[in-house]
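Hello,

Here is the structure I promised to pass on. Please open it first, then read my notes below.

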2 protein chains.
Amino acid sequence: MGKQLFEIVEGGGVTTPKGFQAGGLHCGLKKTDRHDLGVILCEVPAAAAAVYTTNLFQAAPLQVTREALAEGGILRAVLVNSGNANACTGAQGDADARAMQANAAAALGVGASQVAVASTGVIGELLKMDRVNTGIENLPGRLRSDDQGSDDFCQAILTTDLVKKVSCVSLTIDGQQVTIAGAAKGSGMIHPNMATMLGFVTTDAKIGSPLLQELLREITNVSFNMITVDGDTSTNDMLVAMASGLAENNELTRSHPDFAAFAAGLQHVCVELAKAIARDGEGATKLIETVVVGADSDFAAQAIAKTIIGSSLVKSAVYGADANWGRIIAAVGRAGQPVNVGTVDIRLGDIVVLEQSRPIPFDEEKALEYLKGDTVAIHVNLNMGSGQAKAWGCDLTYDYVRINAAYRT
Amino acid sequence: MGKQLFEIVEGGGVTTPKGFQAGGLHCGLKKTDRHDLGVILCEVPAAAAAVYTTNLFQAAPLQVTREALAEGGILRAVLVNSGNANACTGAQGDADARAMQANAAAALGVGASQVAVASTGVIGELLKMDRVNTGIENLPGRLRSDDQGSDDFCQAILTTDLVKKVSCVSLTIDGQQVTIAGAAKGSGMIHPNMATMLGFVTTDAKIGSPLLQELLREITNVSFNMITVDGDTSTNDMLVAMASGLAENNELTRSHPDFAAFAAGLQHVCVELAKAIARDGEGATKLIETVVVGADSDFAAQAIAKTIIGSSLVKSAVYGADANWGRIIAAVGRAGQPVNVGTVDIRLGDIVVLEQSRPIPFDEEKALEYLKGDTVAIHVNLNMGSGQAKAWGCDLTYDYVRINAAYRT
């Protein structure tokens, strides 16, 4: 690994970087008494960036956030509700998302165009705006700059998620301590009562919005875009980053000597959040990591890694702790990418099962033991070029079917 | 529907068209005593055609069959074994596939280049050729031109399939009765102990090999290529058609007045077999039919129909009899095809759930009743153009996970 570019901040969260407060509360969108409305506030205008779902059907809050960021790439706050996705809700849905933005801006004392909004939950139902508005009024009183604020926010964005998902790193830039943190939610890719992937990154690094946007897109492609729970893509997926600049480093550029360290730290946060989402996939009992090397290009490696991780047959086999390399090579062969059919190596962890596309006898007991663990790594070497990629997913279990067959009724 | 172009032959099978015999027996590749070796023999040289899996990893028999057909497009026989896919078996696998072809040709008294071979079963294990060869020697004695021959053949090609899959139609061409029949197997798309989709079509129509090949490819695209059980594509998929010409119609050309009727009959046979495979998908409790109309093009409609039918969330919802249109519209939006996000209609059977992309209140009881049936139709109208397509699949159930988590051990 060479020099450690950043340090992991245990227990850190979105309020750890300088300048951020966060909070959450229950306003009544969820049936339980769990938090369903959360906010992150930056005490100064933050350079901001965002990436959105590629689904053609995009929920109302995405357009509102897009417009907010178009005005100079500055945000002061992001408001999130769970329990209702405000998707497929037509003109009333648009109006509700705008009202959320305007009301949060008024309550927090910032400009409306400086508030991003995000929603996750049931599709096709109108938001109970009376409850949302009451919640918004109470939010400023719940803002905290300590871990509790971060924790309340993390709670407020969850749906079927079983665990909160946070990650935090620190590094030194121009002699200043810089912190990068993130919170995320996601469990299935989409379903009307729950799900959607949402991510929120805060940092006190000084970096302009255009560069943050470029970096966020690049890093999304090797983190959030490389996970698959079930192959479905939500109408509401959104990742928002805010940089307060309060660490007072010299503004980051691509030629800044510590740019690589910042990018590595941001990538670590995004990859950790992405892996946490994959591990917490609906019904999952384990995380699957697929590593593809020796491909024709990184693009080819990515496509192959995602095809393997998305295969229901591979996912079922991992659930059953079955060292089923036949399903892995079949996935490699249908990924639509260049493959030399005679030179493929496959390992499960350290256990070699295929070399130069021919089966290698292996210790079934040892393989069973390995596959029963809570993390399973599938390594594929195409022995063609230098393209490589990692992707993450989870096993396919009875519980996935139970959760998704029955949730709406 | 207008004029009926063909009639369904109840109880017909691959031996119903004039000139065909078939048979099957147990040679010892399956652990049970079920048939695992089958053959179809044509008493005259048959004009033949075939389509193969798109997976880059192709099992040995596919290459042997490809070469056989390259020599003039004529076949006398097709030999099939189940229990072993002869895939990822290297040079020995190639030699074994060629030995199967040569030995079958000798036993049946036909030229080796007139025998196609197909295999389905476990990947990466060598065929027990002593058992295969003994089976081949006994096959001529099991050939029959009646329904029993067809039945024995259908049994011999099954793996995890629960039911035999046959279809037969007849029509009149130039005053002659022409019969088209097919047999198929398939349950999961690929897994080492079982699975793969194989299809075999026989007809006594007089048609040249090049036209039969064109037609087979066109019809495969709207039948076998429009089904999805789990999104995985086998290394062994193959569809072979043989036309004996013994019906003595004038040779079919695209300008023959009955060409459309023949194509419709062949398409019916292929669609029926494809639907039977989808309905018999591993763990399935019901057939799902997705109909997409009003798309920009047929290609777009096909991609959208297959995205819907392949969605684990849609499949789980249908298993749970959940009228979950949110998952359907999310699948429409991620299919990578042009969609007007404001004009989508969705029906479940006759129950309208979305109109112009807005939810329509519907009777949940009635929807539950409909979704509990053994066939569920999802209709999507994009209201954009005249592109249309149908696709077929099945629900995702506990049993799919059970079958695929545990089968190899």
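**A covered helix**

In helix H9 of chain A, these residues are buried: Trp325(A), Gly326(A), Arg327(A), Ile328(A), Ile329(A), Ala330(A), Ala331(A), Val332(A) and Gly333(A). H9(A) runs over residues 325–333 and is mostly covered, with 9 of its 9 residues buried. Keep in mind that this is a predicted model.

**Where the two chains meet**

How many residues of chain A are in contact with chain B? The count is 54 residues of chain A, in contact with 54 residues of chain B. The size of an interface is often given as the accessible area lost when the parts come together. Here the area buried between chain A and chain B is about 4500 Å². Carbon and sulfur atoms give 60% of that area.

Which elements of chain A give two or more residues to the side that touches chain B? They are helix H8 (312–319), H9, strand S14 (358–359) and helix H11 (398–406). H9(A) gives the most, with 7 residues. The residues on this side of chain A divide into 25 nonpolar, 19 polar and 10 charged.

**Aromatic pairs**

Over all chains, the count comes to 5 aromatic pairs. One of them is formed by Tyr398(A) and Tyr398(B). Their ring centres are 6.3 Å apart and their planes are at 50°, so the pair is tilted. Tyr398(A) lies in helix H11 of chain A and Tyr398(B) in helix H11 of chain B, so this pair joins two chains. Tyr398(A) is partly exposed, at a relative accessible area of 30%. Tyr398(B) is partly exposed too, at 31%.

Phe153(B) and Phe200(B) form an edge-to-face pair, 5.2 Å centre to centre with 85° between the planes. Phe153(B) sits in helix H4 and Phe200(B) in strand S8 of chain B, so the pair ties together parts that are 47 residues apart in sequence. Both Phe153(B) and Phe200(B) are buried.

There is also a cluster: ring pairs link Tyr319(A), Tyr398(A), Tyr319(B) and Tyr398(B).

**One loop residue**

Last, look at Asn236(B). This residue lies in the loop between strands S9 and S10 of chain B. Is Asn236(B) buried or exposed? Asn236(B) counts as buried, because its relative accessibility is 0%. The side chain of Asn236(B) reaches the backbone oxygen of Ala85(B) at 2.7 Å.

Best wishes

Methods: Residues numbered from 1 in each chain as written. Chains lettered and ligands numbered in written order. Predicted model: local features only at pLDDT ≥ 70, side-chain atom pairs only at ≥ 80, totals over all residues. Heavy atoms only, no water. Buried < 20%, exposed > 50% of the residue type's maximum accessible area, 1.4 Å probe, protein only. Helix = DSSP H or I, 4+ residues; strand = E, 2+ residues; numbered from the N terminus. Polar contact = N/O pair within 3.5 Å; in protein donor to acceptor, adjacent residues only side chain to side chain. Contact = heavy atoms within 4.5 Å. Buried area = accessible area lost by both parts, 1.4 Å probe. Nonpolar A, V, L, I, M, F, W, Y, C, P; charged D, E, K, R; others polar. Phe/Tyr/Trp six-rings, centres within 6.5 Å; stacked < 30°, edge-to-face > 60°.
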